[in-house]
Amino acid sequence: MNFISKCSVLAAISLACITSQVSQAAEVALTEKLTAKAAALAPYQQRDFQEEVFYFVLPDRFYNADTSNDLGAAANDKKRAVSRGGLDITHKGMYHGGDLAGLTEKLPYLDNMGVSAIWLTPILRNRAMQAGTSGYHGYWILDFTEIDPHLGSNAELKNFIDQAHKRNIKVFFDIITNHTADVIKTKECHGEDGLGWIVDVTKGNDCPFISMAQLAQGKHYSPLIPKGDETLKYPAWLNDVDVYHNQGDSFWRGESSVRGDFAGLDDLYTQKASVVNGMIDIYQKIIDEFKPDGFRIDTVKHVNIEFWQQFSPALMQHAKTQGIDNFFMFGEVYSFEPELLSRFTTEAKIPSVLDFAFQGAMTKALVEQQGTDVLAQLFAKDHFYNTEHKYIRNSNANQLVNFTGNHDMGRFAYALKQSPHNYNEEAQIQRNLLAHSMMFFSRGVPVVYYGDEQGFVGDGGDQASRQDMMPSFVASYNDDDLLATSKSTADDNFDTNHLFYQSFAKYAQLYQQYPALRFGEQAAVYSQNEAGIFAITRKMKATNKTKAQNLLVVFNTAINAQSLNVVTEQTAFKQTDIKLLYRSVKSGNAEEIAPLSFAIYQLK
Ligand SMILES: [Ca+2]
Ligand SMILES: [Ca+2]
Ligand SMILES: [Ca+2]
Ligand SMILES: [Ca+2]
C-alpha cells in the first residue's frame, strides 16, 4: 500500500497522513530537556572508545584563565628562553593566551553538551617563534618531557585530567613522532652559521629535496645546529643530527613525503631502531606521568609503516600495564581513499584513523549536492578496515573517527559558505546540522571541532579556522558572519543556548541513549543518484548489558520533503514494524522526512 505518497508538506493534514501507521508515541515521550549525559554512560575507565563524543580543541584559542602564563617561560628561565614570547592577541598566527586552567574552568560547558572525550592539540613544550609565527598550535615540539609554559605546568595538566575524569570525560593527547621543532639547518641552504638563506625561497621549494638515488651518488646536505641551539631539545638524544633524515624539504610526493621536512621541521629518521625505541620511550613516559586515555597521532602518513608496526602495539600494551585498559589511539592520515586510510589500521597496526573519506563524502553530498549514492559508495568500502591484530584490539570501520572539518582543512560551515550554490544562512544552518547528525549517527565516533557548536565559519583552513572562543581581537575573525547567532567572535562565545550547541547536545544524548548508534553494525539500505534519502540500519545483538536493538536512520539531503515509503518499498521492512523515535524537524506524519533533516526509527 502506497499511502505515504499521498502525504506531502502541503497535504500534511490529510486523512491519509493522520491515520499514519507509524507510531509517533515515542517521539512525544522523548524528553526535550537536556540531561548532561545519559545515565547509562559507563565510567571512563570501563568505557569503550566507540562510546565517546569527542571535542577537539586548540587550548590557546579556548579560554584564558591565567594571564600570568601568557608569555610562556619566565624571563629569567634560561633553559626555556626559546619557549618565551609570541603573544599577540590581534594576530591569527600568534599566541592568544588560552591555557589548561581555562579548559579546566570550562569543563561544565563541555559536559553539558554531552562531550565525553576531549582531544587537545599538542601540549608539549614548543619553540615559541619560528619563521615569523608562533607555536600556539603546539606542533613544534622541543621538549617531549614537559608542558608548554604558555599552557601551564605539568601539575596543571594533571589537575585538568583529574577534573575531566571526575566528570566522566576522557582526555586524549595529540602526539607527534614525525618531526620536532625546526632547529637543524644545512650549510647548503642556510649558510655556514645556519642563520640565513642561500637558496631563493621566493621560488617556492625552500630547501630542495635530495632523493635516495641522489644520496647514493654522493649528493647530500651538511646539517648543522646554529650556535647556542645545540642542547635545545629534550630528551638529549634528539639533539644528535644523525637521528634526522636531513634530505631537505618535502614536496609531498613519493619518498619526500616520508623523508622530507615539513617546511623545515626536523624530520626524524624513523627507520632507525634507536629512533623507534626513543619515541616509544618518550610516549611511554608520558603515559606513566599523566595517564591520558589515549592519543591522536599526527602526520601518520609521513612516517614509514614499519615504525608504526612497532610503536603502536608497544604503546597499547604499555598503557594496559599502567591500568588504562581502554587506552586507544587514532591516526591522522590525510587521504580521502579508504584503500589507503585502512592500510594504517591494518598493516600499520594503529587501532583507528580519522575518517577523511567520510568528510569528503559528506562534502559531496551536502555542499556539492551530489546524490546520496556517494555515501553508500563510501560505506561499501568499510570492509577494508577489518582485521584481527595479534597485540591490540581488532580494527573495523565502527571505530573510525568521524569529523566534518578541522583546524587544517577548515570548518564545514566554511565549505558551505564557499559553495557555488550560494546557500542562504538558513540553508547553511540546516546543512551544517545535517552534516553533524550524519557524523553522530553513521558508524564511527563523532568529533565536534571546537567553535562549530557556536556557529563559527572562518575564512579558510589553518590559521583562518582557529578562532577564539574567548573574545577575539583578530580582525579577520571578527568580521565573520557567524551562523545562528547575532554574536561575532569579538564576543564571548560559550553560549549554551546556541542552536548548534543545543542540537549537538541532543545528538549526543540520542547517541548515548541508543547503544545501536554506537555499536550497531551498519548497513546502507537506501541511497539515490540525486539529493534525497540516505538510509542506514544499525543492528546490535543482545549483550549481557543491553537488549538487541535495530534502528533505521534516515537522512534527507534534498530541499523538499521525502517519504519513508521509498525506503520501505525497496526493503523488506513493513510499515507496521517501524516506530518513530526521533525527528530533527517535526512536520507532517511520522513517515515524512522534512527537507534537510533526519529521523530515527526503531525496527522490530
Ligand atoms: Ca594564559
Ligand atoms: Ca617523516
Ligand atoms: Ca630544520
Ligand atoms: Ca573573516
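Predicted model: local features only at pLDDT ≥ 70, side-chain atom pairs only at ≥ 80, totals over all residues.
Start with the overall layout. The chain is divided into three parts. Domain 1 covers 4-30 + 517-603, and domain 2 covers 52-178 + 271-508. Domain 3 takes in 185-259. Domains 1 and 2 are each built from two segments of the chain.

Now look at how domain 1 and domain 2 meet. Their C-alpha centres lie 32 Å apart. On the domain 1 side, 28 residues are in contact with 21 residues of domain 2. The size of an interface is often given as the accessible area lost when the parts come together. Here domain 1 and domain 2 bury about 1900 Å² between them. Of that area, 62% is on carbon and sulfur atoms. What is the count of salt bridges across the interface of domain 1 and domain 2? The count there is zero.

Salt bridges do occur in the model. Side chains of opposite charge can pair when their charged atoms come close. The count comes to 26 salt bridges. Several deserve a visit.

Take Arg518 and Glu51. They form a salt bridge, with the closest N and O atoms 2.5 Å apart. The pair links distant parts of the chain, 467 residues apart. Arg518 sits in helix α18 (residues 515-519), while Glu51 sits in the loop between α2 (25-29) and β1. Are these two residues buried or exposed? Arg518 is buried, because its relative accessible area is 6%, under the 20% cut-off. Glu51 also counts as buried, at 10% relative accessibility.

Move on to Glu52. Its side chain meets that of Lys170 in a salt bridge, at 2.7 Å from N to O. This pair, too, links distant parts of the chain. Lys170 is in strand β7 (residues 170-175), and Glu52 is in the loop between α2 and β1. The two residues are 118 residues apart. Both ends are covered: Lys170 is buried with a relative accessible area of 2%, and Glu52 is buried with 0%.

Asp281 and Lys285 give a pairing within one helix. Their side chains meet in a salt bridge of 2.8 Å, N to O. Where do they sit relative to one another in helix α9 (residues 273-290)? They are four residues apart, so about one helical turn separates them. Asp281 is partly exposed, with a relative accessible area of 32%.

Salt bridges also join into a network. Asp77, Arg80, Arg125, Asp143 and Glu146 are linked in this way.

Which residues make a nonpolar patch of about 330 Å²? The patch is made by Leu71, Leu87, Ile89 and Phe473. Ile89 lies in the loop between β1 (54-57) and α3 (100-105). The relative accessible area of Ile89 is 34%, so this residue is partly exposed.

Finish at helix α17 (residues 499-513), where Ala505 lies. Ala505 is buried, with a relative accessible area of 5%. From the C-alpha atom of Ala505 to that of Ile429 the separation is 16 Å. Along the chain, Ala505 and Ile429 are 76 residues apart.

Definitions and conventions
Residues numbered from 1 in each chain as written. Chains lettered and ligands numbered in written order. Heavy atoms only, no water. Patch = residues over 30% accessible without salt bridge, like charges linked within 9 Å, V, L, I, M, F, W, Y side chains within 5 Å. Areas by Shrake-Rupley, 256 points an atom, 1.4 Å probe, with all protein chains shown as cover. Salt bridge = Lys/Arg side-chain N within 4 Å of Asp/Glu carboxyl O. Buried < 20%, exposed > 50% of the residue type's maximum accessible area, 1.4 Å probe, protein only. Domains from an automatic or database assignment. Contact = heavy atoms within 4.5 Å. Buried area = accessible area lost by both parts, 1.4 Å probe.
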